[in-house]
Amino acid sequence: MPVATQGALRHIDLSFADDLGYQVLLANTYHLMIRPGVEHFQSNGDLHSFMRWPRSVLTDSGGFQLFSLSKQIRITEEGASFRSYTDGRKMLLSPESSIATQRAIGSDIMMVLDHCIPSTSPVTDLRKALQLTTRWAKRSLEARGDSKQALFGIVQGGCNQELRSESASEITQLAFDGFALGGLAVGETRAEREDTIEFAAPLLPDDRPRYVMGIGTPIDLLEAVRRGADMFDCILPTALATQGVAFTSLGKVDLRRGIYRNVNAPLDKDCACRTCQRFTRAYLHHLVKAKESIVQQHISIHNLTFYRSLMYRMRQAILGNSFSEMYGKEADKIAAMDLEFPTVTE
Ligand SMILES: [Zn+2]
């Protein structure tokens with residue numbers, strides 16, 4: 001899922017994501033409840049028509065913002081209280097107000113409000129957070145009422161296996177339509193993250209979508225799918241375009257590097273995107289250096305094409321029983337820094 005936090009992708013029109021066949025976009029409850037506000041959606045119609053997106057929307061509950069903005073937010077049993085960053089008014093993000101907002105947004109997949117803390121926190125803190133997450137999950141289900149919108153539960157527990165088991169057994173007893181692993185990509189190493197997914201993904205029912213929230217790079221996705229995960233959201237394809245960074249079948253390309261100044265070849269010769277069909281690395285490097293903002297669009301188009309193709313090829317490989325073969329061929333390459341133009345270390 002490309003990330004459209006405020007109802008827009010960074011740098012490019014939503015129609016590109018539609019053309020690429022992305023089925024779901026992620027939007028954010030916390031930001032949309034602050035602006036334009038739940039009343040806006042209640043009186044003017046849902047987010048699909050507002051942003052002109054014909055396919056599905058998943059809304060993050062706001063739990064991640066409780067983590068990333070924890071200094072400005074007070075968390076109690078009731079929910080999280082904070083002041084709006086637009087006008088300073090006091091607001092409460094509770095399981096009930098989160099669901100009410102997601103119902104008004106009209107998301108196809110709603111997420112429960114969870115309490116996300118750094119994944120490597122002390123066990124006592126992680127246990128408290130997961131227990132609050134379970135109590136909030138029950139209240140979210142209750143608040144859903146008769147809505148036909150799907151609702152996913154979130155398993156917490158950091159990188160601790162005992163706590164992941166505890167959380168998974170509590171959350172999977174509840175009648176959710178899908179299950180997520182939350183609390184990853186918030187401070188742990190790549191190895192810790194992979195171990196946690198390897199341990200926790202099989203604890204989730206295999207007849208429901210398994211969603212790993214907030215990851216990741218192409219290699220993160222390949223490793224997580226290998227361990228049984230199905231769905232992801234990540235800001236990287238468009239966020240890294242801001243810095244001039246692209247992902248390719250031969251690793252990560254940082255277009256700021258001077259080595260590309262005279263490279264008259266596309267970002268990725270195996271890519272069919274508009275950017276690779278039209279532009280050389282030399283031109284993209286020039287635009288990055290010249291700080292021409294259009295280059296962010298060019299790179300975003302390529303990155304979203306690459307991610308979509310990676311997910312599609314993984315799906316085809318699973319269906320064709322050739323995932324291990326694909327993994328063996330691609331893992332080292334996509335995890336690398338540009339294999340065609342490696343950084344020389346002497
Ligand atoms: Zn491309």
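Predicted model: local features only at pLDDT ≥ 70, side-chain atom pairs only at ≥ 80, totals over all residues.

Me: Which atoms coordinate the zinc ion?
Reply: The zinc ion is held by the SG atoms of Cys-271, Cys-273 and Cys-276 plus ND1 of His-302, at 2.1 to 2.3 Å.

Me: What's the arrangement of the 4 donor atoms?
Reply: Tetrahedral, because the angles they subtend around the zinc ion are 98 to 120°.

Me: And where do Cys-273 and His-302 lie?
Reply: Cys-273 is in the loop between β12 (251–254) and α12 (274–278), while His-302 is in helix α14 (residues 294–319), so the pair ties together parts 29 residues apart in sequence.

Me: Is His-302 buried or exposed?
Reply: Buried, at 0% relative accessibility.

Me: OK, new topic. How many aromatic pairs are there?
Reply: A search of the whole structure turns up 8. One of them is Tyr-30 with Tyr-85, a tilted pair at 6.3 Å centre to centre and 55° between the planes.

Me: Where do those two sit in the chain?
Reply: Tyr-30 is in helix α2 (residues 29–34) and Tyr-85 in the loop between β4 (80–83) and β5 (90–93), 55 residues apart. Tyr-30 counts as buried at 4% relative accessibility, and Tyr-85 as partly exposed at 40%.

Me: Which residues do ring pairs link into a cluster?
Reply: Tyr-30, Phe-82 and Tyr-85.

Me: Last one: what sits over the ring of Tyr-327?
Reply: The charged end of Arg-226, 3.9 Å from the ring centre.

Conventions
Residues numbered from 1 in each chain as written. Heavy atoms only, no water. Donors = N, O, S within 2.8 Å, 3.2 Å for Na, K, Ca; no water. Tetrahedral: all angles 85-135°; square planar, octahedral: opposite > 155°, others 65-115°. Helix = DSSP H or I, 4+ residues; strand = E, 2+ residues; numbered from the N terminus. Buried < 20%, exposed > 50% of the residue type's maximum accessible area, 1.4 Å probe, protein only. Phe/Tyr/Trp six-rings, centres within 6.5 Å; stacked < 30°, edge-to-face > 60°. Lys NZ or Arg CZ within 6 Å of the ring centre and 35° of its normal.
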